[in-house]
Amino acid sequence: MSAATTRSRTPDRLCAEAVDLARAAAEEAAAPGVVGEHVGLVSEGDRVVTHFFECKELGYRGWRWAATVARASRAKIVTLDEVVLLPGPDALLAPEWVPWSERLRPGDMGPGDLLPTDAEDLRLEPGWTGEEEPPPNSAVSHEMADLVEAEDAEVTAGTPATLPVAPTRGSISAVAEELGLRRARVLSRYGLHIAADRWEEGYGPKTPMAQAAPAACVSCGFLVALGGSLGQAFGVCANEFSPADGRVVSLTYGCGGHSEAAVMPKPPVPAPPVIDETRVDPFPLRPSRDAGSVPTVTDEETAELGHS
């Protein structure tokens, strides 16, 4: 370590003793009554010392008033350099600045807001530009005439880029148009994956609603199918009473609004009545004579038996 470095770390005696000068300068720069006790000093270099004073101003907890004093070589008079308000080790600071592209959250955009997309966005990739199209004269060559007729293809007069309307069939442009690839950029595989993960988290099988559902969306009549590869795992809910109405839901999601969850049962068929109350049955007051198990006989028939 050099001698110059040693001298710079050792506070100058006269500058270190100039506490009153530093306090007066801090009180002049600050509002009245906000400069507190002297909390320390630090050597900034040869004959340069910064004094720190507690800041009592509301909203600046942990901040300190820093008054830097210095003196010339071989001079006996200490002069003021500058006064600033600096944060201390325990100061209350605002969070670090974050770019707007990282601060933006779903739902933050409002009417009229524009969200530019980065040219190197990993969620997107270039669409089909037509550069890999076969030469224009190859489709109309004599060797391909029979094949074109057999495949019922449509031969155009030029490249798709020069045509006012895209061919309806039989060309790469038609296939690209049908698949939605004739845009400047399309979703990359990474973009598809993060979208699927986001939708799965919001409306997937692990949500409390899906856990309590009577059946999954794959068998619901309110599910609208999606095109493309995402249609293999997702659809759109069209039930206005469902919590996922208008949302992209997983086929394994479910809710109480399932189309087959509350099918009305058939009305029960009543059992036949035990007693028919629609008619009157006559009941005699006395039993008939021949109703018993013993046959009825007259007195004359029993006289010869010796009975009186």
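These are questions and answers on a predicted model of one protein chain.

Me: Which residues and atoms count in this predicted model?
Reply: Residues are numbered from 1 along each chain as its sequence is written, and side-chain values use heavy atoms, with hydrogens and water left out. Local features need pLDDT of at least 70, and side-chain atom pairs count only at pLDDT 80 or more, while totals for chains, interfaces and linings use all residues.

Me: How many helices and strands are there in the protein chain?
Reply: Helices (H or I, at least four residues) and strands (E, at least two) are DSSP runs, numbered from the N terminus. On that basis the protein chain has nine helices and nine strands.

Me: What share of the residues in the protein chain is buried?
Reply: Buried means under 20% relative accessible area, exposed over 50%, and partly exposed in between, with a 1.4 Å probe and protein chains only. The protein chain has 308 residues, and the buried share is 22%.

Me: Of the accessible surface of the protein chain, what percentage belongs to carbon and sulfur atoms?
Reply: Accessible areas come from the Shrake-Rupley method with a 1.4 Å probe; for residues, only the protein chains shown count as cover. The surface comes to about 23400 Å², and the carbon and sulfur part is 56%.

Me: Which strands stand at the edges of the open four-stranded sheet?
Reply: Two strands pair if DSSP finds at least two bridges between them. The pairing here is antiparallel, in the order β1-β2-β3-β4. An edge strand has a single partner, so one side of it is left without a neighbour in the sheet; this holds for β1 (35–45) and β4 (79–87).

Me: By what angle are neighbouring strands of the sheet β1-β2-β3-β4 turned against each other on average?
Reply: Axes are lines fitted to C-alpha atoms, for helices over the stretch in contact, and angles run from 0 to 180 degrees between N-to-C directions. For neighbouring strands of this sheet the direction is ignored, and the average is 25 degrees.

Me: Which helix lies across β1, β2, β3 and β4?
Reply: The helix covers residues 19–29 and runs at about 115 degrees to β1. It is α3.

Me: Which residue of β4 is the bridge partner of Trp 65?
Reply: Strand β3 (residues 63–70) and β4 pair in the antiparallel sense over eight bridges. Within β4, the partner of Trp 65 is Leu 85.

Me: Which residue in the hairpin of β1 and β2 takes a positive phi?
Reply: The two strands pair over seven bridges in the antiparallel sense, with His 38 opposite Phe 53 in β2. Two residues stand between the strands of the hairpin. The one with a phi near 60 degrees is Arg 47.

Me: Is Arg 74 buried or exposed?
Reply: Arg 74 lies in the loop between β3 and β4. Its phi is positive, about 65 degrees, although Arg 74 is not a glycine. At 82% relative accessibility, Arg 74 counts as exposed.

Me: What volume does the largest cavity have?
Reply: On a 1 Å grid over the protein atoms alone, a cavity is a set of points where a 1.4 Å probe fits but cannot get out, and lining residues have an atom within 4 Å of a point. Grid points are joined across faces, edges and corners, and a volume is the space filled by probe spheres set on the points. The structure holds one cavity of 30 Å³ or more, and the lining of the largest cavity includes Leu 223, Cys 237, Ser 242 and Cys 255. Its volume is about 70 Å³.

Me: With which residues is Ser 242 in contact, leaving aside neighbours within four places in sequence?
Reply: Ser 242 lies in the loop between β8 (234–237) and β9 (248–250). With a relative accessible area of 8%, Ser 242 is buried. Its contacts are Cys 237 and Cys 255.

Me: Which residue of β8 is the bridge partner of Leu 223?
Reply: Strand β7 (residues 223–225) runs antiparallel to β8, and three bridges join them. The partner of Leu 223 is Cys 237.

Key
Contact means heavy atoms within 4.5 Å. On a 1 Å grid over the protein atoms alone, a cavity is a set of points where a 1.4 Å probe fits but cannot get out, and a pocket is an open set with protein on both sides within 12 Å along at least five of seven lines; lining residues have an atom within 4 Å of a point.
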